[in-house]
Amino acid sequence: MTQQPEFTTSGAMVEALDVRKSFGAHEVLKGINLTIRKGEVVCLLGPSGSGKSTFLRCINHLERMSGGRILVDGHLIGYNERHGLLYEMSGKELARQRQDIGMVFQRFNLFAHHDVLTNISQAPMLIRGQSREQAFSRARELLKLVDLEGREDAYPYQLSGGQQQRVAIARALAMNPKLMLFDEPTSALDPELVGEVLAVMRKLAADGMTMLVVTHELAFAREVADRVIFMDQGVVVEEGPARQVIDAPQHERTKTFLRRMH
Amino acid sequence: MSEQRIIPARNWGQWVIAILLIAIVGFLLAMVIMSRHITWSAIPQYLFDETILEGIKLTILFTVLSMLISIVAGGVLAMMRLSPNAIVSGFASLYIWFFRGTPLLVQIIFWFNIQLFIPSIDIGSIHFDTNSIITAFVAALLALSLNEAAYMAEIMRGGLMAVDSGQQEAAKALGYTPTQSMLRIIFPQALRVIIPPIGNQTISMLKTTSLVSVVAAQDLLTRAQNIYAKNFLIIELLIVASIWYLVMTTVASSLQYVIERRLGRSTSDAPMAWRAALRLLRAEGSNG
Ligand SMILES: Nc1ncnc2c1ncn2[C@@H]1O[C@H](COP(=O)(O)OP(=O)(O)O)[C@@H](O)[C@H]1O
Ligand SMILES: [Mg+2]
């Protein structure tokens with residue numbers, strides 16, 4: 001490993017340095033470098049199979065990198081560095097790091113055997129040690145935020161996709177994360193339900209949450225993102241202010257991709 | 001429109017088979033009933049005999065204990081099999097291979113005779129006589145539990161693998177430790193898949209316990225054998241035992257039917273099923 005341990009300048013929430021990932025012989029990430037500042041909203045665009053999900057999953061170490069390093073809020077993710085060697089963290093240490101990083105999945109992944117209230121409040125009670133009253137009242141607050149007041153007792157299967165995704169966002173927020181990762185949060189939704197989820201994400205962005213969003217919603221990216229990163233075949237092809245990348249792409253691959261999106 | 005009379009198609013082949021079956025069963029029944037060598041009055045006499053009732057208690061005790069032990073052990077083995085560590089998962093595979101691949105009867109006799117090659121156990125200054133620890137009861141329970149654990153491990157592994165991988169991902173991403181995610185998220189959902197086959201295994205275990213009679217473990221069959229060894233009413237006492245086995249398996253089957261109906265079949269019912277399972281477990285816990 002040639003990279004020196006770099007400690008963040010205080011403004012960075014995520015720093016990815018030469019992140020590589022292979023599945024067998026298939027190199028999916030070929031050296032990703034990027035920085036996300038605190039409070040910044042970054043949208044990650046790119047064709048299917050370009051490695052967007054894999055990169056997102058490396059940020060909370062759901063995926064083990066093959067090379068490079070990721071720092072979140074100045075802390076090296078997934079490894080302890082001792083004497084120039086990287087030791088992978090134990091399950092408990094990883095869990096501690098992940099507490100501060102919220103993730104929203106394409107397929108919601110609400111806990112199927114828990115009602116909405118338990119889905120949102122279990123982790124804060126179990127992991128953060130919050131009291132039941134504390135966790136419940138925070139859960140109700142969050143349900144109000146995602147516009148699902150009064151649905152505490154519903155089970156996931158009783159909710160529409162859009163409602164499930166909003167509960168999933170509330171569940172992630174209940175841990176008070178400093179960073180939120182979204183992996184195509186509206187791709188599994190019927191078109192008429194996309195808006196309600198994007199509305200919640202807009203609110204979060206306005207509240208100053210640091211967000212990295214993989215999405216195909218160009219209008220959302222243009223309006224909400226501070227910056228857009230375009231990825232293709234495991235490399236960052238182009239990045240810049242949202243309007244610049246979406247409306248006036250420089251790179252040929254970006255142009256081709258955006259043309260197909262319309 | 002006028003009523004149209006409809007004559008359903010007749011399947012003559014089925015009728016021929018049905019009549020044949022009635023004839024055969026009738027003939028066999030008549031043979032048994034008219035046999036002069038069966039003392040019919042012995043059956044009601046021994047049906048509620050105290051020794052027999054004691055045997056039933058022990059059969060139920062063996063079933064319940066071995067199922068409980070094997071559920072815990074099977075759960076541990078299933079998690080070991082799914083472990084990324086090759087030695088840990090290899091051990092579990094080896095265990096399952098061995099205990100499923102050798103006859104239970106051999107395992108029972110083996111445990112009963114273990115003092116033949118391990119006469120005593122010495123841990124520091126503590127000394128045990130194997131013979132005094134491994135009684136017929138312990139040997140029988142050990143054999144039933146260890147054997148059943150191998151089957152249970154496979155059932156549980158199937159249940160754990162049936163839970164959508166997204167559930168574990170979500171738990172991980174929230175910061176659940178591996179143990180928390182297993183106990184709070186994965187296992188409770190796996191239960192839905194695991195409970196029906198556990199029911200089948202329990203019913204099967206009620207009958208399998210009769211094998212422990214080879215070491216005279218005082219179960220229902222042992223007691224029946226003890227009685228007919230003295231009075232030679234062999235068939236009569238086997239009928240008594242069979243009646244009781246039928247009663248126990250029928251009751252267990254009806255219980256299983258109730259549980260499974262409450263668990264529901266459709267996936268959309270998952271949480272209801274889960275609550276129903278919890279209710280049943282609690283109810284059973286407080287009754288028994
Ligand atoms: N667990 C895995 N095993 C093998 N290949 C994988 C795995 N996960 C992803 N891939 C491959 O990595 C590539 C990038 O996948 P992904 O990160 O999901 O892309 P995107 O999210 O941009 O559509 C794809 O070719 C995919 O087939
Ligand atoms: Mg993806």
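## A residue in helix 7 of chain B

In this predicted model, B:A153 is part of helix 7 of chain B. B:A153 has a relative accessible area of 1% and therefore counts as buried, the cut-off being under 20%.

When its neighbours within four places in sequence are left aside, the residues in contact with B:A153 are B:G74, B:L77, B:A78 and B:I96. B:W12 stands 141 residues from B:A153 along the chain, and the C-alpha atoms of the two are separated by 48 Å.

## Nonpolar cores

The largest nonpolar core comprises 70 residues. Within this core, A:F55, A:I59, A:I70 and A:L212 have the most contacts. Helix 7 of chain B, spanning residues 136-162, gives the most to the core, with 10 residues.

For A:L212, the contacts beyond four places in sequence include A:F55 and A:I59, both of which are also listed with A:L212 among the residues with the most contacts inside the largest core.

## Extent of the interface between chains A and B

Chain A contributes 27 residues that are in contact with 24 residues of chain B. The area buried between the two chains is about 2300 Å², and carbon and sulfur atoms give 61% of this area. On the side of chain A, the residues that lose the most area to chain B are A:F111, A:H113 and A:Y157, which together account for 28% of what that side buries.

## Polar interactions and composition

Between chain A and chain B there are 2 salt bridges. One salt bridge joins A:R107 to B:D164, with the closest N and O atoms 3.0 Å apart. Polar contacts between chain A and chain B number 8 residue pairs, both residues being at pLDDT 80 or more.

Four elements of chain A each supply at least two residues of the side that touches chain B: helix 2 (91-98), strand 8 (101-104), helix 3 (116-126) and helix 5 (161-173). Helix 2 of chain A gives the most to this side, with 4 residues. By class, the side of chain A that touches chain B consists of 15 nonpolar, 7 polar and 5 charged residues.

Key: Residues are numbered from 1 along each chain as its sequence is written. Chains are lettered from A and ligands numbered from 1 in the order in which they are written. This is a predicted model: local features need pLDDT of at least 70, side-chain atom pairs count only at pLDDT 80 or more; totals for chains, interfaces and linings use all residues. Side-chain values use heavy atoms; hydrogens and water are left out. A nonpolar core is a set of buried Ala, Val, Leu, Ile, Met, Phe, Trp, Tyr and Cys residues joined through side-chain atoms within 4.5 Å. Buried means under 20% relative accessible area, exposed over 50%, partly exposed in between (1.4 Å probe, protein chains only). Contact means heavy atoms within 4.5 Å. Buried area is the accessible area (1.4 Å probe) that two parts lose on being put together, summed over both. A salt bridge is a side-chain nitrogen of Lys or Arg within 4 Å of a carboxyl oxygen of Asp or Glu. A polar contact is a pair of N or O atoms within 3.5 Å; within protein, one must be able to donate a hydrogen and the other to accept it, and residues adjacent in sequence count only if both atoms are side-chain atoms. Ala, Val, Leu, Ile, Met, Phe, Trp, Tyr, Cys and Pro count as nonpolar, Asp, Glu, Lys and Arg as charged, and the others, Gly among them, as polar.
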